[in-house]
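Dear colleague,

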Amino acid sequence: MKNEVFLPDNYSPAEDEPFMNDRQTEYFRRKLIAWKADIMEDSRDTVQGMKDSTRNIPDIADRASEETDRALELRTRDRERKLVAKIDAALRRIEEGEYGYCDITGEPISLKRLDARPIATMSLEAQERHERREKVHRDD
């Protein structure tokens, strides 16, 4: 079991400290856990809202509008479910000491990129190459 790392409330990872030191790792771990908690709370609210709003709407247009809203909400929750899986994978990488390094090149992912997208698995350059290859193959 790791020792708990002290992290000031206003801490932000800086380029001038060692990459993925204990404080940076703890910062991203907490960020991922908070993000996951927000998603799970939204999911609970959606389920509760759907249970509460089950009703028979006589007007066809109103019913269609409500069904469309419900379908959109469910699609959003499905995307968030997939995002939770990526967050869990990032938390596993933190535990294994692999977090913050590009899956393709092994190079460190920039702190700005990780702060903006903490589930990132590729450096910006590797991600751009990946997307260009995807676009080329998709256009066939």
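The largest nonpolar core has 22 residues, and those with the most contacts inside it are Phe28, Leu32, Ile87, Tyr99 and Leu114. A nonpolar core here is a set of buried Ala, Val, Leu, Ile, Met, Phe, Trp, Tyr and Cys residues joined through side-chain atoms within 4.5 Å, where buried means under 20% relative accessible area, exposed means over 50%, and partly exposed lies in between (1.4 Å probe, protein chains only). Two or more residues of this core come from each of helix H1 (22-52), helix H2 (60-96) and helix H3 (111-116), and H2 gives the largest share, six residues. As general background, nonpolar side chains tend to be buried together in soluble globular proteins.

Before going further, please note that this is a predicted model, in which local features need pLDDT of at least 70 and side-chain atom pairs count only at pLDDT 80 or more, while totals for chains, interfaces and linings use all residues. Residues are numbered from 1 along each chain as its sequence is written, and side-chain values use heavy atoms, with hydrogens and water left out.

Tyrosine 99, one of the core residues with the most contacts, is in contact with Met20, Phe28, Leu32, Ala90, Arg93, Ile94, Leu114 and Pro118 when its neighbours within four places in sequence are left aside (contact means heavy atoms within 4.5 Å). Methionine 20 counts as buried, because its relative accessibility is 14%.

As for the chain overall, there are four helices and zero strands, in the order α-α-α-α along the sequence; helices (H or I, at least four residues) and strands (E, at least two) are DSSP runs, numbered from the N terminus. The radius of gyration is 20 Å, well over the 14 Å that the globule rule gives for 140 residues, so the chain is more spread out than a compact globule; the radius is taken over C-alpha atoms, and the rule is 2.2 Å times the number of residues to the power 0.38. The C-alpha trace spans about 65 × 50 × 25 Å along its principal axes, and 29% of the 140 residues count as buried. Among contacts between residues at least 6 apart in sequence, 52% join residues at least 24 apart.

Glutamate 26 lies in helix H1 and counts as buried, because its relative accessibility is 9%. Not counting residues up to four places away in sequence, glutamate 26 touches Val5 and Leu7, and its C-alpha atom is separated by 6.8 Å from that of valine 5, which is 21 residues apart from it along the chain.

Alanine 71, in helix H2, counts as partly exposed at 41% relative accessibility, and its C-alpha atom is 16 Å from that of isoleucine 57, 14 residues apart along the chain. Aspartate 103 sits in the loop between H2 and H3 and is exposed, with a relative accessible area of 53%; the C-alpha atoms of aspartate 103 and threonine 68, 35 residues apart along the chain, are separated by 39 Å.

With best wishes
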